[in-house]
Amino acid sequence: MAKHETPMLDQLETGPWPSFVSDLKQEAASRAKNENNIEYQIPQDVVEDLIGIMELSYEHGRTHWKHGGIVGVFGYGGGVIGRYCDQPEKFPGVAHFHTMRVSQPAGKFYTTKYLESICELWERRGSGVTNMHGSTGDIIFLGTTTPQLEEVFYELTHNLNQDLGGSGSNLRTPSDCIGQARCEYACFDTQALCHDLTNEYQDELHRPAFPYKFKFKFDGCPNCCVASIARADLSFIGTWRDDIRIDQEAVQAYIGGEIMPNANAHSGRDWGAFDIEKEVIGLCPTNCMWMDGKELKIDNRECTRCMHCINVMPRALRIGNDRGCSILAGAKAPILDGAQMGSLIVPFIKVEEPYDEIKEKVIEPIWDWWMEEGKNRERLGELMKRQGFQRLLEATGFDPDPRMVQEPRTNPYIFWKEDEVPGGFERDINEFRKYHQR
Amino acid sequence: MDYEEAKDLVVAGLTKKLKNKSKFYFNDLAKLIGEKPRAAKKYVNQMVVEGVLEYWSSGSTSMYGLCGTGKQAGAEHEE
């Protein structure tokens, strides 16, 4: 019989979707049975108490969790989030219920053996409850006691060759798409760059000295599978600067119905014959495509890399050969000042090891500016908004570029300075009046 | 500035404010030390390693306090 009555949670299980309540109950039952004879290092009934306190929170309409604390592992200022409940007598199993963030591998490639190992570790030294993955991409271990933190960290680093991720006012665990490992759209090796910057900026990841959180995300192409443009303070998005490669025979094969559009992803229903005019050319946001007889033409100078045509006809259209990435700054979720998308600061940069240009000309000058000028709990995007995009350009030394504005006269944050204008701002009024009447 | 000097400045500065608050942002420490953030960070890291300062984190924001000060240590069964 369950330790706590949970009528409200039980009701949640009756919905049409897979239920986290059922998952928790299953884990609670498995810990109670302990068929594998695990030597549990935290209360065996931790998950039952978790379910119990959740029911109480629903009953009271208020949380019984307190978050934040001094807990951590020695020398690290991130990776552990202290969590305590305010009903420790009633629910002793979750008196401490700290979260640990575990740095996910680039591209989230795992072996089964690795997954089994981390599950075994967390079952023994934690609650067994995980979140795969958190918003920054980390593996999240949910719930353990203070004495277990160092133990888990020791086993992760010594036995599994695995580090903790970022939390607090740190660089957060860098996150990337699956990249060139499996995707033909990837314009740079996202995993290589993600891994390199993770190693390079270990101090920033583990020892908090930023005004607030800072996120890197790496998308191999403008499809933006890790949504870097919406969520990362610095987003790296793959692009190319030459022409989209066209295989005219394959274009005809799509038109003739020999190759299914969207790699056959919409085959669950009959959508009728493929219509290139309606489904590709007519949907191009800059109208830069047309059919010239049997040939598909693209005015590549007008292409904004929306990826639609390539997504629909991947066999016929391919990314260009001169590849690199665009870098955008300042995206964030709406905690303090509303959600913001990233602003373009580097239209194109080659992504080549050892990535010195990216580190020395982009990342580090931006950090220096933000660390000096940023207010406490101010994200980079908010600082850009407060001081102006022009200050970011001054900090990085980049010249203003028309590609940094969304469209003419919508982003009026780049101004001339007096010393940039021939003759300055002073004028000879008499000379002026010769040409212009009062 | 050498490390000992920076440590004295931080300990004196934070002790003075202890009546009102016990947790401080990194920027507060950098101001006390009077160095740019990156230079100040080296001293602050060293103070954490030596146990002069300790981290406090809400999960989203990190702060620093003199070791053992503030309500947290006693209130959260961490003595």
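Predicted model: local features only at pLDDT ≥ 70, side-chain atom pairs only at ≥ 80, totals over all residues.
View 1. Contact means heavy atoms within 4.5 Å. Buried means under 20% relative accessible area, exposed means over 50%, and partly exposed lies in between (1.4 Å probe, protein chains only).

Residues are numbered from 1 along each chain as its sequence is written, and chains are lettered from A, ligands numbered from 1, in the order in which they are written. Local features need pLDDT of at least 70, side-chain atom pairs count only at pLDDT 80 or more, and totals for chains, interfaces and linings use all residues, while side-chain values use heavy atoms, without hydrogens and water.

**View 2. The interface of chain A and chain B.** Chain A brings 35 residues to the contact, and chain B brings 25 residues. Together they bury about 2,700 Å², with 49% of it on carbon and sulfur atoms. Buried area is the accessible area (1.4 Å probe) that two parts lose on being put together, summed over both. On the chain A side, A:Ile70, A:Met371 and A:Asn376 lose the most area, together 22% of what that side buries.

View 3. The rule finds 4 salt bridges between chain A and chain B. A salt bridge is a side-chain nitrogen of Lys or Arg within 4 Å of a carboxyl oxygen of Asp or Glu. One of them joins A:Asp368 to B:Arg38, with the closest N and O atoms 2.8 Å apart. β1 (65–67), α7 (202–206) and α12 (356–373) of chain A each supply at least two residues to the side that touches chain B. The largest share, 5 residues, comes from α12(A). By class, this side of chain A has 11 nonpolar, 14 polar and 10 charged residues. Ala, Val, Leu, Ile, Met, Phe, Trp, Tyr, Cys and Pro count as nonpolar, Asp, Glu, Lys and Arg as charged, and the others, Gly among them, as polar.

View 4. B:Ser58 sits in the loop between β1 (53–57) and β2 (62–66) of chain B. It counts as buried, because its relative accessibility is 12%. Beyond its neighbours within four places in sequence, B:Ser58 is in contact with A:His67, A:Gly68 and A:Ile81. A polar atom of its side chain lies 3.2 Å from the backbone nitrogen of B:Ser60.

View 5. The side chains of A:Asp196 and A:Lys359 meet at 2.8 Å, N to O. A:Asp196 lies in helix α6 (residues 190–200) and A:Lys359 in helix α12, 163 residues apart. A:Asp196 is partly exposed at 21% relative accessible area. A:Lys359 is buried at 5%.

View 6. A:Arg125 and A:Glu151 pair at 3.9 Å, N to O. Helix α4 (residues 112–125) holds A:Arg125, and helix α5 (residues 146–159) holds A:Glu151, 26 residues apart. A:Arg125 is buried at 12% relative accessible area. A:Glu151 is partly exposed at 38%.

Key: Helix = DSSP H or I, 4+ residues; strand = E, 2+ residues; numbered from the N terminus. Polar contact = N/O pair within 3.5 Å; in protein donor to acceptor, adjacent residues only side chain to side chain.
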